[in-house]
Structures are given as structure tokens and as C-alpha cells.
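This report describes a protein model from its overall makeup down to single contacts. The sequence and structure come first.

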Amino acid sequence: MDLLSAMASGFLVALQPENILAALIGALVGTATGVLPGLGVLGAMAILMPITLHLAPVTGIIMLAGIYYGAMYGGSTTAILLKIPGESGSIVTTLDGYEFARKGRAGSALMICAVGSFIAGTVSILGLSLFLPFLSDAALSFSSPEFCALAVLGALTLIRITGGDPAMGMMMLLVGMGLATIGVDAVGGSTRFTFGTESLALGFDLVPVALGLYGMSELLQVLQTRKGFPKAESVRLRDMVPTRAEWRRAWPAIVRGSGIGFFIGLLPGPGSLTSTFASYGVEKGLAREHKREFGKGAVEGFAGPEAANNAVATSALVPVISLGIPFTPNVALLLGALIVQGIQPGPLLLSQRPDIVWGLLASMYIGNIALLILNLPLVGLWVRLLRVPQYILVGAIFVVSIIGVYTMRSSMWDLVVLFSCGFAGFFLRRMGFDMAPLVLGLVLGPIFEKSLRETLFLSGGDLSIFVTRPISAVLVALCVVALAAPAVFTWVKRRGGWTKTVPAP
């Protein structure tokens with residue numbers, strides 16, 4: 001199947017009424033999530049994940065993906081209007097976007113970010129469509145040792161670059177992997193660590209755990225602080241047309257940010273944050289005439305990073321679709337949704353379920369267009385959403401969460417897990433723990449265990465198989481680098497290896 005026929009078949013799937021509706025709902029919910037400070041895209045995805053499990057697999061994943069890239073759009077709204085990033089990827093936008101808005105050009109900044117996000121999303125989807133078949137074919141050379149090493153690499157990389165204490169991150173990762181072992185053994189079929197109780201035999205499902213750690217714990221934090229959402233001024237639609245000079249400065253930054261975001265999204269780690277800082281650094285380095293404006297309202301300072309932020313949201317799907325390995329918590333939740341639906345992402349997904357892969361890509365085209373058309377006229381609605389009383393939003397989210405989790409398996413155990421993880425997440429966050437490694441451990445745990453056991457079975461227990469196969473040897477070397485590099489860099493820096501004496505002029 002060539003690219004054009006594959007995309008045509010994808011649009012046949014994406015243009016079905018239920019899939020169009022799922023893309024629109026996901027995109028709008030994602031935008032609202034990005035606008036509302038605090039909840040986060042993971043919390044929104046976790047809240048709606050139980051609902052998507054009652055839909056067809058392709059419809060459910062389209063809705064979750066819509067929340068994912070929709071939140072990238074919405075995060076810039078509060079970053080520009082309030083200097084509060086709706087998502088971590090919008091942190092850089094606050095530097096120049098808010099200062100630009102203070103000059104009376106808030107509407108123009110929102111328009112530039114929306115158009116830049118649309119262009120970046122389109123470029124990234126095109127790149128994904130072109131490279132995905134090649135990457136999926138290359139991934140067919142992967143076997144159990146490679147998947148085992150890749151799972152370790154993804155976990156180590158996330159722990160190293162989340163910015164927290166690596167020891168605390170490793171602890172949370174091991175907790176997540178430990179929870180994944182409780183219940184039915186996916187390889188042997190026997191129950192383990194259940195202590196004779198039927199409830200524990202059900203195991204710890206991803207949905208109530210993720211929803212508790214991110215959704216419920218965030219709601220408890222909101223209730224504990226008793227702080228209302230910040231107030232934002234209204235933006236008139238007629239003020240949202242940038243000048244020619246602003247467009248002239250914005251479009252080169254948008255193109256560069258799209259390329260930077262696409263390629264960084266292919267790498268392990270929190271790509272959205274990394275790509276925005278990389279884009280900001282590139283724009284500041286290339287600036288000549290307007291270099292002094294950076295930090296004071298430079299157009300390039302928010303146009304490029306916002307484009308990079310949205311390009312990452314698409315290209316980050318490559319490792320999941322082609323390898324079945326997530327490198328970020330958001331994508332890990334998408335992977336978990338596919339697995340719960342009985343679909344195994346990886347090298348064979350493109351050949352076995354092309355309707356899901358190409359239908360998802362086509363729906364992202366549709367979702368990007370819908371976000372561009374709807375978000376600009378709806379800016380006033382998003383601003384008014386910040387004025388809704390918090391007790392209404394919190395109560396509605398509580399009800400949806402409880403109903404969604406219970407109807408998934410009609411199990412009271414899942415509700416116990418939901419509230420237990422909610423309170424645990426609330427206290428762990430206050431203690432400085434990051435929840436992302438735990439969620440990633442819950443997803444990667446079964447993948448790592450299955451591939452490790454298969455590898456040891458094939459090699460007769462000989463661990464040298466990991467270094468005698470070329471691809472797995474490279475991945476093992478990268479794991480060693482991920483573990484040792486920070487310590488080596490610190491040692492070299494303390495020894496003065498990076499310092500140079502500059503003679504006085």
C-alpha cells in the first residue's frame with residue numbers, strides 16, 4: 001500500500017461521523033484542559049479514558065489523541081493572557097507572549113500561536129506519514145532483547161531528564177513496576193501476590209491508577225488551596241489580526257520551530273519542554289535587529305516555541321506506533337489505552353491494524369483544522385471558562401471520574417484503587433515525588449518482564465545475548481550512558497574541564 005492510498009484509507013476511517021465527533025470532543029476538551037491551570041493533559045486523558053474504552057478502538061484513541069494535541073493549543077492562552085502556562089510546554093511562551101500582550105497585542109499573539117500551531121501540527125503529521133512506514137519496517141528487526149533494552153532506556157531517560165531527584169524517580173518507577181506484577185501473570189497465566197483475595201487478582205489497572213494520581217490528587221490539591229482560577233481580560237475578535245510586520249517576523253520562526261519540534265519529538269524524554277527551550281535559544285541566537293526585544297515581547301520568542309511544542313505532540317507518537325515503547329507519560333497513557341483495548345502497538349501494528357494508524361493520522365489533520373477554525377472565535381469562551389466557580393468544575397470531574405472508572409469493569413476494587421491513588425498522589429506530590437515514573441513503570445513493567453523472560457528463555461539464561469546482538473548492544477550502551485553521563489559531567493565540571501581562561505581585553 002503506497003502512501004497516498006494509505007492516507008486515503010485513513011481519511012475514510014477518520015471521516016466517519018463517530019470519529020469526527022471523537023476528534024472534535026477530544027480537541028475541545030484538550031483545549032479547555034490547557035486553558036485551565038492545574039489539571040494537566042494527563043489528568044484529562046485519565047478522566048476520559050474510561051469512556052473511550054466503551055468505544056471502538058480507533059474512535060477511543062482518536063479522542064485521547066485529540067485531548068493530547070488540543071492541550072498544546074490551549075496552554076498558550078493562559079501563558080499569554082495571565083503569564084501562567086497551561087502546560088509545561090508553554091512555559092517559554094510566558095517569557096515573551098505575556099510581555100507582547102501587555103503592549104495591547106494579546107489577540108495578535110493568540111492568532112500567531114494558533115496559526116503557528118496549525119502549521120507545526122501539519123508539518124509534523126506529514127513527516128510522521130512519510131517516515132512511519134520506514135520506521136515500522138526497520139522495527140521488524142527488533143526482538144525480545146531489543147525491546148527489553150529499549151524499555152530500560154525509556155525509563156532511565158525519563159528519570160534523568162524530568163529534573164527531579166533521580167533516586168526518588170527510580171523509587172517511583174520500581175513502585176509502578178511492582179504494582180504491574182500483582183494479579184494474573186501475562187506469560188504463565190497464574191495469579192501472584194494476591195494473598196488469596198479476589199480483588200487483588202484483578203490487579204492495578206492503568207486507568208484508576210493514572211486517574212487517581214493525576215486527576216483526583218489534583219482536585220484534592222485544588223480543594224486544599226481554596227484558590228479560584230485567575231481572572232483574565234476579554235479579547236475581542238477584531239483585535240486578533242497581526243500586522244504585516246508581525247507576520248513577517250513570525251513565519252520563519254514557525255518554520256524553524258516546526259522542524260526542531262518534529263525531530264526532538266522522536267527522542268526519549270519530555271520533548272515539549274526541551275523543544276521549546278531549544279527553539280527559543282535558536283531564535284535568540286539568530287536574531288539581529290530585534291535581539292534586545294527578547295524577554296520584552298519579541299514575536300519570535302513565542303511563535304517558534306509554540307510551533308515546536310505542537311510539532312512534538314505528533315512526532316512523539318512515532319516510538320509508540322513503530323516500537324510499542326512510550327518515552328513520555330502522555331504517550332504512555334495512549335499506549336495503555338491501546339493495550340486495554342486488546343491492541344498491541346509495535347512493528348506489526350501498521351500491517352495488522354492499518355485502520356488505527358492511518359485513521360489516527362488522518363483524524364489529526366481534521367483535528368488541527370478544527371482547532372484553528374474553532375479556537376480563535378472561542379477565545380472569549382475559554383476566558384469565561386476561567387470564571388466558572390471551582391466547586392462546579394471539581395464536582396463535575398469527581399462524578400465523571402467515579403462513573404467512568406466503575407463502568408469500565410463494574411468493580412468496586414477499581415474505585416478503591418482510584419481514591420487510594422488519589423490520596424497517595426496528593427501526599428507524594430507534597431513530598432516532592434514525581435508521578436510520571438510510576439505511571440511509566442506501570443505501563444513498561446509488563447513489557448519489560450515479558451521481553452526479559454522471553455530473552456532468557458531463548459538464550460538459556462545467558463545474559464550475554466544483550467551485548468552480542470548489534471541493536472541490543474547499542475541500546476545497552478545508551479542505557480549505561482543514561483546512568484553514568486550525569487555523574488561524569490559533574491566530575492568533569494568540578495575538575496575544571498569545561499572552564500577556559502579568557503584573557504582580558
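What percentage of the 505 residues in the protein chain do buried residues make up? Buried residues make up 55% of them, where buried means under 20% relative accessible area, exposed over 50%, and partly exposed in between (1.4 Å probe, protein chains only).

## Basis of the model

The model is predicted, so local features need pLDDT of at least 70 and side-chain atom pairs count only at pLDDT 80 or more, while totals for chains, interfaces and linings use all residues. Residues are numbered from 1 along each chain as its sequence is written, and side-chain values use heavy atoms, with hydrogens and water left out.

## Overall makeup

The protein chain has 22 helices and two strands; these are DSSP runs numbered from the N terminus (helices H or I, at least four residues; strands E, at least two). Its accessible surface comes to about 22100 Å², and 68% of that belongs to carbon and sulfur atoms. Areas come from the Shrake-Rupley method with a 1.4 Å probe, and for residues only the protein chains shown count as cover.

Contact means heavy atoms within 4.5 Å. Among contacts between residues at least 6 apart in sequence, 80% join residues at least 24 apart.

## Helix α1

Helix α1 covers residues 3–14. Its twelve residues should span 16 Å at 1.5 Å a residue, and the end C-alpha atoms are 16 Å apart, which agrees; the expected span is 1.5 Å times one less than the number of residues.

The buried residues of α1 are Ala6, Met7, Gly10, Val13 and Ala14. They lie on the same side of α1 because they cover an arc of only 110 degrees around the axis, taken from the directions from the helix axis to the C-beta atoms. Exposed residues Leu4 and Leu12 are on the face turned away from that buried side.

## Nonpolar cores

A nonpolar core is a set of buried Ala, Val, Leu, Ile, Met, Phe, Trp, Tyr and Cys residues joined through side-chain atoms within 4.5 Å. The largest has 105 residues, of which Met45, Tyr68, Leu206, Leu213, Ile325 and Leu333 touch the most other members. Helix α4 (residues 57–81) supplies the largest share of this core, twelve residues. A second, separate core of 19 residues includes Leu82, Ile112, Ala120 and Ala250.

Leaving aside neighbours within four places in sequence, Leu206 is in contact with Met49, Ala332, Leu333, Gly336, Val439, Leu442 and Val443. Ala337 is in helix α14 (residues 329–340) and is buried, at 5% relative accessible area. Its C-alpha atom is 8.1 Å from that of Gly60, 277 residues away along the chain.

## Salt bridges

The structure holds nine salt bridges, each a side-chain nitrogen of Lys or Arg within 4 Å of a carboxyl oxygen of Asp or Glu. Glu246 forms one with Arg105, with the closest N and O atoms 3.1 Å apart. This pair links distant parts of the chain, Glu246 in helix α10 (residues 244–265) and Arg105 in helix α5 (residues 93–139), 141 residues apart. Glu246 counts as buried at 10% relative accessibility, and Arg105 as partly exposed at 22%.

Arg249 and Glu300 meet in a salt bridge of 2.8 Å, N to O, and both residues are buried. In the bridge between Glu454 and Lys450, the closest N and O atoms are 2.8 Å apart. Being four residues apart in helix α20 (residues 436–459), Glu454 and Lys450 are separated by about one helical turn.
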